[in-house]
Amino acid sequence: MSGFVGLLHAELTKFRSVRGWVIGCGLAVFLMLLFAGLAGAGNSHTGNGPGGGALPVGPDGTRVLDGLTLVHQPLDGDGSLTVRVASLVGSEPPEPPQDGAAPTAPERPAAPPTAAPEPWAKAGLIVKSGTAPGSPYAAVMVTGGHGVRMQHDFVHDTAGPADARWLRLVRAGGTVTGYASADGTAWTQVGTAALAAGEATAGIFVATPGHEEFDQYPGGASSIGGKVIATGTFDNLVIAGGRPGAGWETRAVANENDPQAPPLLSEHDGDTFTVQGSGDVAPATGGPGPKLEQTLVGSFAALTVVAVLGVLFVTTEYRRGLVRTTFTTTPGRIRVLAAKAVVLGAITFAVGLVASTGALLLGKAILGEDYGATVGTQVRLVVGTAALLAVAAVFALAIGTILRRGAGAVAAVVVLITLPYILSVAAVLPAVPAQWVLRLTPAAAFAVQQTLHVWPQVYQAYTPAFGYFPLSAWGGFAVLCGWTAAALAIAAVLLRRRDA
Amino acid sequence: MTGALHAEWTKLRTVAGPLWLVVGAAALTAALSVAAVAAAECPATGCGQDAVRTSLTGVQLGQAIVAVLAVLVIGDEYRTGLIRTTLATVPSRVTVLAAKGAVVAGATLAAAVPGVLGAYLAGRLMLPGRGFTAAHGYPPLSLTDGATLRAVAGSVLYLTLVALMSLGLAAAVRDAPTGVGTVLGVLYLAPVLITVVSDPDWEKRLRQLTPSNAGLSIQHTIGVADLPIGPWAGLGVLALWSAGALLLGGLLLRLRDA
C-alpha cells in the first residue's frame, strides 16, 4: 500500500512541477469567473420571475404562484366543508402581444368570451392558514382536464376520481382529508394533508393558469402566454364548525405585481355562487429566462481546459519518453493509471470547487437574486460541477491513454461532452431526440447543474430547450461516470497489451 | 515558395494521420447530418424550420476534425522537432506558414466538399420522408436554388476558414493538444454562452462577432433578413478571425525561437 502512496506522490510531483499545467488550473478558475460575469452582463438587478417581481415562497421554500379568488370564512378548529361544483369554464386568451410590445395586463372584459377551461384550471374547497400569498393550505378541487385532485402546500398533488362533482374537506386536528363524490351520497377519499391546527380560513376558490403555448425553433425556444379567466359555479355549499353568524366574504389572494392577479368577482345568488379567478396556485416553473445554473456556464470553458490537462498528463509521458522510466520503476501499469487518475481527479476537483463556488457567488452578486434555489441545491450545483470537471478530466486521461495522441484525444473529449449539449440545449434537435442525446452522451452530466423541477401538476414544456434534462441530477452525472469507467477499462487493457 | 509548398505536401501525404482525418471529417460531417435529418420532423405546413440548415448540421462536428488536421500540420512538427529542420531549409517563416496554409486549405477542401455534399444529399433524399414535402411548403433541396447553393458552398468555405484559423492559433500555442483545446473553445463556447446570456444586446453582439455563430449564418436560407448578421457578412467575420489568427501565428513564429 505504501508503494501506491509513493506512486501518488510521484504523479503529484509530475503534475505540479509543470508550470503550464499549474497555469491551466488558474486559467480554469479565471474562465469560470469571466463567463459568470458575461452571463450576467447587462442584467439589471430587477427580478425576472414569471410574475415580473419577487415570487412568494411556499412552506417548503419553493417559489410559488399563489393567485386565487377565495370566498371564505374563518375556521378555527375542527370542521368540514361540502360543495357541488356545477360548472367550470374558461375564457379565450387575449391576442398575443406584438413583437417588442410589453405584455400588458388587459382590462377585464365586460363579458369575456367563454371557452374550454385550461386543463389545470381549478375550482373547489380550500382550508388555508391565512390569506398571505404562500401560506400553507389543503384543497380538493375539480380541474379543467385532470379530474378531481387533492393538492396541498403547492407542491403536493394527488389524483382523485375523474368525473366527480361533489367535494368535501374534513379538518380534524392537524389533518385535512379530501373526499369526492359523483352524486353527493357515496364518497371516496382522495387524500389527506397535514395542516397545523388552529386559526385558519376555509371556503371555495377558483384559480387558473394562463394559456401557454410553447414553441421550439432551431436556435431557441419561446413561450407565449396569455391571461385567462376561469369561472366556477358552486351550489350546495355547507360549512360545519365555522364561527356562529359568520358570513361568506370574497377576497383575492395574489402576489402584488402579478400580471395574472385574479379579478375580484363573486356573485352570491341564494344557494349558488359564481366565482371568477385567474392566476395559479402551484409551484413556479422555469422556462426561458435567467436561471441560477447560468452562473456556471463557464464550466464548459473549464471543461475544455481540464480536458487538455487530462490528456497532456498522460500523452506528455509518451512524447518525452518518460513513460518508459515510469513503467521501469513501477511495472504495474494499471497502478500507474490508477495513481494518475486519483491525482488528476483530486486536483481538478479542488480547482473545480474553487472555480464553481466563486462563479456562483459572483453570478449571484451580478444577477442580484438566487431564483429560489435552496442552500442544498446551491451546494449540489457547486459540488456537482467540481465532480463533473474531475470525472471529465479522468475521462480525458483515459482517452489520452487509449489514443496516445494528444490532439485527437482533446478533440474527442470536447466533442463528446460539449457538442451533444449544444445540439440539444440550443434546440438544434427536436425535443424527443434531444432528450435521448442527453440520456446517452456524456453531456447528460450537466443535469447536475439543473435547478428546475418537473411538476406534473403544472403545464410546461419539460424539454432540453427549456432547460429541463431528462435525467435526475446525479443520474445524469452517472452517465458520464459510466463513459469514464468504460474508457478507463479499455485504457487499462491497452496499456497492458501495448509496448510503451 | 513552390519548393516550400512541395515540401509541405510531401510531409502531409507521407504520413497516415492526415488522410484518416480527411476521410473522418468527410464521413462524420455526413453522418451527423444524416442523424439530424432522421431526427427532424415537419408535421404540418409552416413548421418554420430551415430544411437546408438542418441538413448541414454535420458541419458542427466536421469543424472539430478539420481543426485537428490543421493544428497537427504545425503542432506535430513541434512535437517531433521537425520544425527546426523545416525552418533550416526554408528560413523565411512567413513562407513556411503560407505554404502550410495552402496545404491545409487544400486538404480541408478535400474533406469538406464530399462531407458537405453528403450532408446535402442526406437532406435531399431523406427530408421528404420526414414531412418536408412540397405539400408542407418544402420542395426538395436543389443546388439550383440560390440560397441553397449559398448555404452549401458557404459551408465548404466555413470549414476551410476554420482550418486556417486553427493553423494560425496552433502556430501561436505550438503544442497540438493545447491548440486543439483553444480552437474548440473558440468554436464551441460561444453557442453555449448564447443560450444563457439574458441581455438581448449582448446576445446579438455574441451572434455577430463570434466565429462559429457569425460564420454559420451562411447556412441560413429562411429569415435571412432577420439574422443578427447576414450570411456573407457572417462568413466575413470568420475570415477576419482566420486572418487575425494567421497574423498572430506568423508574428509569433517570426519573433520566437523554434
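Among the contacts in chain A between residues at least 6 apart in sequence, 77% join residues at least 24 apart, a contact being a pair of residues whose C-beta atoms, placed from the backbone, lie within 7 Å. This is a predicted model, in which local features need pLDDT of at least 70 and side-chain atom pairs count only at pLDDT 80 or more, while totals for chains, interfaces and linings use all residues. Residues are numbered from 1 along each chain as its sequence is written, with chains lettered from A and ligands numbered from 1 in the order in which they are written.

Chain A holds 9 helices and 19 strands, taken as DSSP runs (H or I of at least four residues for helices, E of at least two for strands) numbered from the N terminus. Of its 500 residues, 51% are buried, that is, have 20 or more other C-beta atoms within 10 Å of their own.

Leaving aside residues up to four places away in sequence, A:A392 touches A:L303, A:V306, A:A307, A:I417 and A:L480.

Where the chains meet, the contact takes 40 residues from chain A and 36 residues from chain B. On the side of chain B that touches chain A, α2 (16-39), α4 (59-80), α8 (176-196) and α9 (200-209) of chain B each supply at least two residues, and α8(B) gives the most, with 14 residues.

How values were computed
Contact = placed C-beta atoms within 7 Å. Buried ≥ 20, exposed ≤ 12 C-beta atoms within 10 Å, placed from the backbone.
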